Structure formats: C-alpha cells, structure tokens
Amino acid sequence: MGNFFEDALQGRVQEIIDACTRCGKCVEVCPVKAPAGVAAPAQEVVSGVIDILRNGDGPAASRRWASTCMLTGDCIEACDYGVNPRFMLTMARLAIAKASAEPREQRRRGVETFRKLNREVTVQSRMQLEDGLLARLGQRTAAEDARGAPAPDFVFYTGCNLLKTPHIALLALDIMDAFGVRYQVMGGPTHCCGVGQLRTGDTAVSANMAETTLKKLARSGQVLTWCASCQVQFTEVMLPAYERQVGSRPFEMTPFMRYLGERLEDLRPLLRLPVPLRVALHRHPGIPGVVEAAIALLTAVPGIELVDLGQPAIGLMSNALRTLPDYKKKLQLAELEAAREAGVDALVAVYHVDHRELCAHERDWPFRILNVLEVVGASMGIAYPDDYKRLKLLQDVDLVMAECRDLLAHHGIAEDAARASIRAMLDEQPLPLKPLMQNAIVPSSETCSTVAKT
C-alpha cells in the first residue's frame, strides 16, 4: 500500500484544502487551545494549518495548535463542511515531521520507536504471564494455520500496549466467552497499526505495517478494538486509504466498550453479585460512545454508586495529553483531589494507558485505581490479579526483577532488556507519586487485585 497510501493521503489533504472554509469553528471548540496558549483569531489559526498542509510550514499559532492536539474530537462535530479536523491536524503534524527531517532520519526515529515498543510490550507481558495465557492473548500462536477453520464472529484486536496490563484483556475475553461468541485474538507488535512510524513522518513503513495488519484482521468482517489510538489510526487514516485503493473496506471496527454497551441487556443477567463501591469514572471522550457505554455498564452493576467529579474530560487517552505535560499533571492532580473529597472507594478508568499512568497513585490516596472491566468482572464472579499494579507499586527495579525472575528466565528475557523495560514502566508516571513516608505501607498483591471490599 506504500505508494498508493501516499497518493491517497495527498488526495484527502487536497479535499480538505478545497472543502475547508477557514471559519475557525474547529479552533473555537477545541479544549486544548487555551491551555496551549493559542491566542490568535480562530480563522487565522485554521488558515495557517492549511498553509502547513500545503508546504509543511505555517504561523507559530497554527503549528502550536496542531502539535498540542490531544485528539479529543470536539472539532469533528463542529465542522459543517464535511472536514474531519482531527485528521486535518494529523496530516499537519505529518507535514511538519516530513519538513523537519530527512527521510533517513524519519526512518531511524520510526525504527527506534518500534524497537522500544516491541521490547517493552514483550518484556512487561512476559513478566506477568505464562505460556498458556500468552497463547490465549494471541501470542506464540503464529504456527497455527486457520485457513480451514470457520471464520470467527469477531477479531478481538488488542493493539500493542494492552498486553502490558493483561488482566484487562483476559477479562474482556471471559465476557465474550459468557456471551457465547466466537472470536480470534490478534495484537502485539506483530500486528502494529503503524501510528508510531506515521508520527515520525515515515509514511512508507507506516503503510506497510498497517497493510500487513489489515490483512490479518480481515479474518473476520467485524473487528472489536480496545486501543483508542488504533481505532483512530485505522478508521481515520488507514482504512480510508485502503478503501480508495480497492473500493471497499475489509472489515468494520467497533470499540469494545461500545460493543458491551450495545449488548447491555445480554450482560445484565450475568451481573449477579453486588459490588458495593462508590466510584468515579476517569473519562476521555475521543471515541464517541465509549464514555457513555462505560457509565451504562457501571450503573448496571448492583451495588455501584457512580459519582460525577465534575472534572474536564479531554483527550483520546491519557497518553494523548503528553503534548502539554504540565497541564496533564494539573488535570490528574485535580481529579485525584476531587476523588478524595468525594469519598470514593475507587477511581475507575476505561483504557489500559490510563490504568498504567494512574495505578501507582493507589499507594498515596484513600481509594483504589481500577479498570471498568474489573468492576464488571467482580459482579460476574470473574477476576484476574492486577500484576502490573502490584509490580509498579514496588517502585524499585531490583524488587521487580526479584519478583519476576522465574518468569523472565522461563521466557528467556535478558537482564538488560528486563531492567530497561521495568525502568520504563516505573518512569511512566506523569504526575509524580508523593514522597514515601518512612512507615508507609505498600498494598499487598491481594489488596491490589481485590475489587469488592470485604
């Protein structure tokens, strides 16, 4: 898809340039404009973005707006002229990346990004799982030839990084098992969506990786996605390009949370056990319907009291807020403080990224950090230990190494790779933890993995 992908992107960019009236409504509704310090008139900002699309450069305010985009998506609904401003800004960032580095440097950065991702996903998943569960999550099963088997109802696409928090993925599979659907799990670095390469400007490798994954996902006409970044990358960038090439899409993609929301009436009879918790939902609205589905799921669980903390809901997932690090820290701290003041038992997140960034704060605040599927699973009578949180709470590379030594040895993980991946896990802490008091108690693994209070 490499050469055609470039042509397809350029064709879509030209359509944006032709359709955009420079009205500025997309800038006006953007929740990131003010914290990013974009003070120029909205019409000037969007006109500058069109300049960037044309030649890779534009006014400082336009470059700032494009580079700080958190993929919230409010701009999409605001446009009356058929333009997807979120995709427009993706293409603006691509144009900036291409203009700022030679192709060889773009390729080097993309390779470096992918190698780091591959190492961290591989090591962190194998620090927690034995062979059987890895196979269940679609890893180490490439030797199987499924051509003679009936197509599944769905492909469950984990993306790459969900494997770092495998308890969430395993709960998703158990829920589908309870529905009685047939599915095939795909994901990990061998099924990359190509977003990392696109960010560095290496469109050729990005397209090749995405096309390889598209062919694998086409095992079923319906794909359930977990990762919001993969959802946007495929549905807003890659699938439209593929459709231009062949005239149709090989499958449709549905976010897993929205799928659960659509099957809520099938799920209700399975929610048998009360889960007596007062909870608040950590929200990112970038994928329409996901937050609403999470709210419906939580309120369907007997015993749950859902509290609205009144905090801003911004971005695609927590990692999308990295464009403004200080603002991100401010938002996370305000939410933790609001959760404490509201007296919640748990702050509940949807996405794996949110869980990774927030879970260690459980040490310092009087409530748990949980994933929404842990709450649903508890009501269904299913649970998996949150080993990611347990390990991260140790806050020491040597302690984590000691805890995982047997699994690391079993999977043949070299010590230097293990240490680098563990350090990356501990460093994924945008809002620093509080200084640990001398007599502070770190929660045990049992405390970390138990949802309902006893």
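Guide: Four strands make up an open sheet in the order β2-β1-β3-β4, and their pairing is parallel; two strands count as paired if DSSP finds at least two bridges between them. At the edges, each pairing on one side only, are β2 (183–186) and β4 (252–255). Direction ignored, neighbouring strands of this sheet are turned by 30° against each other on average. This is a predicted model, in which local features need pLDDT of at least 70 and side-chain atom pairs count only at pLDDT 80 or more, while totals for chains, interfaces and linings use all residues. Residues are numbered from 1 along each chain as its sequence is written, and side-chain values use heavy atoms, with hydrogens and water left out.

Within the sheet, strand β1 (residues 154–157) runs parallel to strand β3 (residues 222–225), and three bridges join them. Helix α12 (residues 228–246) lies across β1, β3 and β4 and runs at about 155° to β4. Contact here means heavy atoms within 4.5 Å, and the angles, which run from 0 to 180 degrees, are taken between N-to-C directions of axes fitted to C-alpha atoms, for helices over the stretch in contact. Helices (H or I, at least four residues) and strands (E, at least two) are DSSP runs, numbered from the N terminus.

The loop between α10 (195–200) and α11 holds D202, which forms a salt bridge with R107, the closest N and O atoms being 2.3 Å apart. A salt bridge is a side-chain nitrogen of Lys or Arg within 4 Å of a carboxyl oxygen of Asp or Glu. D202 counts as buried because its relative accessible area is 5%, whereas R107, at 40%, counts as partly exposed; buried means under 20% relative accessible area, exposed over 50%, and partly exposed in between, with a 1.4 Å probe and protein chains only.

Helix α7 (residues 103–126) also contains R108 and E105, which are three residues apart and therefore separated by about one helical turn. These two form a salt bridge whose closest N and O atoms are 2.7 Å apart, and E105, R108, R109 and E112 are linked in a network of salt bridges. R108 is partly exposed, with a relative accessible area of 41%, and E105 counts as partly exposed at 24%.

Elsewhere, S421 lies in helix α21 (residues 415–427) and counts as buried because its relative accessibility is 0%. Leaving aside residues up to four places away in sequence, S421 touches R119, E120, V123 and Q124.

For the setting as a whole, the protein has 22 helices and eight strands, and the structure holds 29 salt bridges. Of the 454 residues, 56% count as buried. Among contacts with a separation of 6 or more, 79% are accounted for by residues 24 or more positions apart.
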